[in-house]
Amino acid sequence: PAAARALALPRPHARHASTVRATLHFTQTLHIEPAPASPNSAAQRNQKVAMRVHVDELGLGPAEVARLREVAGPRYCVDTGVLKLTSDVHEEAEVNKAALRRQLAMLIDDAVAHARGPRGS
């Protein structure tokens, strides 16, 4: 089952306090086993979460999108304009979702910082 949540992100290239809404699509595959080999085996398989977002919904300027594409590498699909991030570091899916939101925020911050130049100009 997939869940979508809207995330209000500040428009980094705007000089005013307006926001843009980007929809984050989360997916998680649940494995149900009649009798797991160990109590933790099913939980370990259910922790991975994938997040997809259309980069054009993030409110970034052309230079910022170019930087995001450069940093994201194969996680960004040029054909669809979708950035896909995955996480299975933490034991709980909700914690992995939060980690993905933080990772997206860091990618956006990096794109904005590099688009302005080395001194923030």
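User: What makes Leu83 count as buried in this model?

Analyst: Keep in mind that this is a predicted model. Leu83 has a relative accessible area of 1%, and buried means under 20%, so Leu83 is buried. You'll find Leu83 in strand β5.

User: Which residues is Leu83 in contact with, leaving aside its neighbours within four places in sequence?

Analyst: The list is Met51, Arg52, Val53, Val55, Ala72, Arg75, Tyr76, Leu104 and Leu107. Contact here means heavy atoms within 4.5 Å.

User: Where does Leu83 show up in the largest nonpolar core?

Analyst: That core has 22 residues, and Leu83 is named with Leu58 and Leu104 as touching the most other members. At least two residues each come from β2 (19-27), β3 (49-54), α2, β5 (82-87) and α3. The largest share, seven residues, is supplied by α3. As a rule, nonpolar side chains tend to be buried together in soluble globular proteins.

User: How do you know that Glu70 and Arg67 form a salt bridge?

Analyst: Their closest N and O atoms are 3.6 Å apart. The cut-off is a side-chain nitrogen of Lys or Arg within 4 Å of a carboxyl oxygen of Asp or Glu, so Glu70 and Arg67 qualify as a salt bridge. Both sit in helix α2 (residues 62-72), three residues apart, which means they are separated by about one helical turn.

User: Why is Glu70 called exposed?

Analyst: Glu70 comes in at 59% relative accessibility. Exposed means over 50%, so Glu70 counts as exposed.

User: What else does Arg67 meet in a salt bridge?

Analyst: Asp110, at 2.8 Å from N to O. Arg67 lies in helix α2 and Asp110 in helix α3 (residues 93-116), so this pair ties together parts that are 43 residues apart in sequence.

User: Why is Asp110 called partly exposed?

Analyst: Asp110 has 22% relative accessibility. Buried would need under 20% and exposed over 50%, so Asp110 falls in between and counts as partly exposed.

User: How many salt bridges does the structure hold, and what makes Glu94 and Lys97 one of them?

Analyst: Three salt bridges. For Glu94 and Lys97 the N to O value is 3.3 Å, which is within the 4 Å limit, so the pair passes. These residues are three apart in helix α3, or separated by about one helical turn.

User: How do you know that the charged end of Lys97 sits over the ring of Phe26?

Analyst: The charged end of Lys97 is 5.6 Å from the ring centre of Phe26. The distance limit is within 6 Å, and there's also an angle limit of within 35 degrees of the ring normal. Lys97 counts as sitting over the ring.

User: What about the protein overall: which elements run from the N terminus on?

Analyst: The order is β-β-α-β-α-β-β-α, which comes to three helices and five strands. Of its 121 residues, 32% count as buried. The protein exposes about 7700 Å², with carbon and sulfur atoms supplying 54% of that.

Notes:
Residues numbered from 1 in each chain as written. Predicted model: local features only at pLDDT ≥ 70, side-chain atom pairs only at ≥ 80, totals over all residues. Heavy atoms only, no water. Helix = DSSP H or I, 4+ residues; strand = E, 2+ residues; numbered from the N terminus. Buried < 20%, exposed > 50% of the residue type's maximum accessible area, 1.4 Å probe, protein only. Core = buried A, V, L, I, M, F, W, Y, C linked by side-chain atoms within 4.5 Å. Areas by Shrake-Rupley, 256 points an atom, 1.4 Å probe, with all protein chains shown as cover.
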